[in-house]
Amino acid sequence: MQSHTISISEAKALDAEDPLSGFRKKFIFPQHNGKDALYFTGNSLGLQPKAAKYALQIELDDWGEHGVEGHFRARNPWMHYHELLSKNLADIVGAKPSEVVAMNALTVNLHLLLVSFYSPKDSRKKIICEANAFPSDRYALLSQIEFHGGNPETDLIEIEPREGENLILLEDVLSAIEEAGDELKTVMMGGINYYTGQLHNIEAITNAAHEVGAFCGFDLAHAAGNVPLNLHDLGIDFACWCTYKYMNSGPGSVGGIFIHEKHHNSRLPRLEGWWGHDKETRFKMTPDYISMGTAESWQMSNAPIFNMAIHNVSLNIFKEAGGMEVLRERSLRLTDYLEQTIGKVVEATSANLEIITPCNHDNRGCQLSVVAHGQGRELFDTLSANGVIVDWRDPAVIRMAPVPLYNSFEDIARFGLILQDALN
Ligand SMILES: *Cc1c(COP(=O)(O)O)cnc(C)c1O
């Protein structure tokens, strides 16, 4: 039975019966007055796995002990380090290990992928993306158009929410794709919008893009490690993501890319470097480039081992938890619980809190974006002073993400009581 008011004991009971609750202990929480802060910003920077320190220490020790020989003699030889991650990473995004690789950082990777999947020719030169995308993505798309001598005003088509709405309608994306038709080169959308938390219909958008002969790719910064994905089976052409949000791999950590295997040996344009060269002969240092023949051929530089050591720890935690489907089940329950808790706060205070994230499970990940109408920065300051860490955007948008690996039902109930007090 659910109570009408927020109940810590009810939340504790939900935690007690959930087999995944124990994973929380694997993470380090920022402290507030000697207790774990109520941390809901895993959509911005995931928490540190306790094992990260030890994984990093191993690489520091191996570097100390072996120097350059560590490339071959480290416990996890650096020469092949990225291969250590590919299987777990592929499982998280629904790909084959040969289709993913951890490298560089997100915006850099987006540019490198656009080199391959946005080479405008004749009249086929348009890009479709969502309006209000994360700014970095928009800058990347506009600068690619300019780089190719195109017209940013006409070549970038941004799908807007309808007048007075916050969310983008699938039918508007599909009709824009159809309308652009054979002038459309590439569709590049966010999987989940960073601001509204809207999860787009990746399958329908991909099919529509392919229907008109365009490439389709996704920025999965807010989707990878948050919702189950199926990149290979859906035939998506390319994708990229960062690993410091839902993948808990540390600030500025290494990014990841997906390139569908149908493109691995095609003649797409590509910027190349020595780490994409066939590894059997890479160290022969021959003048000609011989491709690895997998997503690894998009690698340019040798791997950032310290970042990857932490990323590896984090990927192993996802695996230990049973993978994305298992985490998603808990995630839906946590986010529904947050939604109900906010509903109870509204009832108790008659504050005007509007959740702009879709309520439908198919259209959201774990994040809820809440507009606190009529409230100002003081609300955020009060929450902060009480140990609640959420993301605040002016005028009054609270973005919060209960993360299934480490947030609890109790976190949510405690947050609800603090919010209620703050509004009263
Ligand atoms: C977080 C985020 C970024 C950040 O890009 P970096 O290159 O990692 O700094 C870019 N795009 C989206 C959609 C994001 O959510």
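Proline 395 sits in the loop between β16 (391-393) and β17 (397-400). In this predicted model, a cis peptide bond joins aspartate 394 to proline 395. Omega there is about 5°. Most peptide bonds are trans.

Asparagine 33 is found between β2 (31-32) and β3 (35-36). Its phi is near 50°, a positive value in a residue other than glycine. Most residues other than glycine have a negative phi.

**Helix packing**

Two packed helices are described by the angle between their axes and the distance between the axes.

| Helix pair | Residues | Axis distance | Crossing angle |
|---|---|---|---|
| α4 and α10 | 83-93 and 305-321 | within 9 Å | roughly 45° |
| α2 and α10 | α2: 52-66 | 8 Å | about 145° |
| α12 and α13 | 377-385 and 409-423 | within 10 Å | roughly 135° |

Take α4 and α10. Their axes cross at roughly 45°, and the two helices are therefore oblique to each other. The crossing is left-handed. On the α4 side, the contact is made by Leu84, Leu85, Asn88, Leu89 and Ile92. Helix α10 brings Met308, His311, Asn312, Leu315, Asn316, Phe318 and Lys319. By class, the residues of this contact divide into seven nonpolar, four polar and one charged.

Helix α10 also packs with α2, at an angle of about 145° and with the axes 8 Å apart. Here α2 passes α10 in a right-handed crossing. Ala52, Ala55, Leu56, Glu59, Leu60 and Trp63 of α2 meet Ile305, Phe306, Ala309, Ile310 and Val313 of α10. This contact of α2 with α10 has ten nonpolar residues, no polar ones and one charged.

The crossing of α12 and α13 is right-handed. Leu379, Thr382 and Leu383 of α12 make the contact with Phe415, Ile418, Leu419, Ala422 and Leu423 of α13. The residues of the α12 and α13 contact divide into seven nonpolar, one polar and no charged.

**Glutamate 320**

Helix α10 also holds glutamate 320. Leaving aside neighbours within four places in sequence, glutamate 320 is in contact with Phe23 and Lys26. With lysine 26 there is a polar contact between the side chains, at 3.2 Å. Glutamate 320 and glutamate 280 are 40 residues apart in sequence. In space they are 32 Å apart, C-alpha to C-alpha.

**The ligand site**

Which residues surround the ligand? They are Leu106, Thr107, Phe134, Asp137, Asp219, Ala221, His222, Tyr244 and Lys245. Distances to N or O atoms of side chains can be given for aspartate 219, tyrosine 244 and lysine 245. A nitrogen atom of the ligand is 3.2 Å from such an atom in the side chain of aspartate 219. An oxygen atom of the ligand is 2.5 Å from an N or O atom in the side chain of tyrosine 244. For the side chain of lysine 245, an N or O atom is 2.5 Å from an oxygen atom of the ligand.

Key:
Residues are numbered from 1 along each chain as its sequence is written. This is a predicted model: local features need pLDDT of at least 70, side-chain atom pairs count only at pLDDT 80 or more; totals for chains, interfaces and linings use all residues. Side-chain values use heavy atoms; hydrogens and water are left out. Axes are lines fitted to C-alpha atoms, for helices over the stretch in contact, and angles run from 0 to 180 degrees between N-to-C directions. Helices (H or I, at least four residues) and strands (E, at least two) are DSSP runs, numbered from the N terminus. Angles under 35 degrees count as roughly parallel, over 145 as roughly antiparallel, 65 to 115 as roughly perpendicular and the rest as oblique. A crossing is left-handed if the near helix is turned anticlockwise from the far one by less than a right angle, and right-handed if clockwise. Contact means heavy atoms within 4.5 Å. Ala, Val, Leu, Ile, Met, Phe, Trp, Tyr, Cys and Pro count as nonpolar, Asp, Glu, Lys and Arg as charged, and the others, Gly among them, as polar. A residue is near a molecule or strand if one of its heavy atoms lies within 4 Å of it. A polar contact is a pair of N or O atoms within 3.5 Å; within protein, one must be able to donate a hydrogen and the other to accept it, and residues adjacent in sequence count only if both atoms are side-chain atoms.
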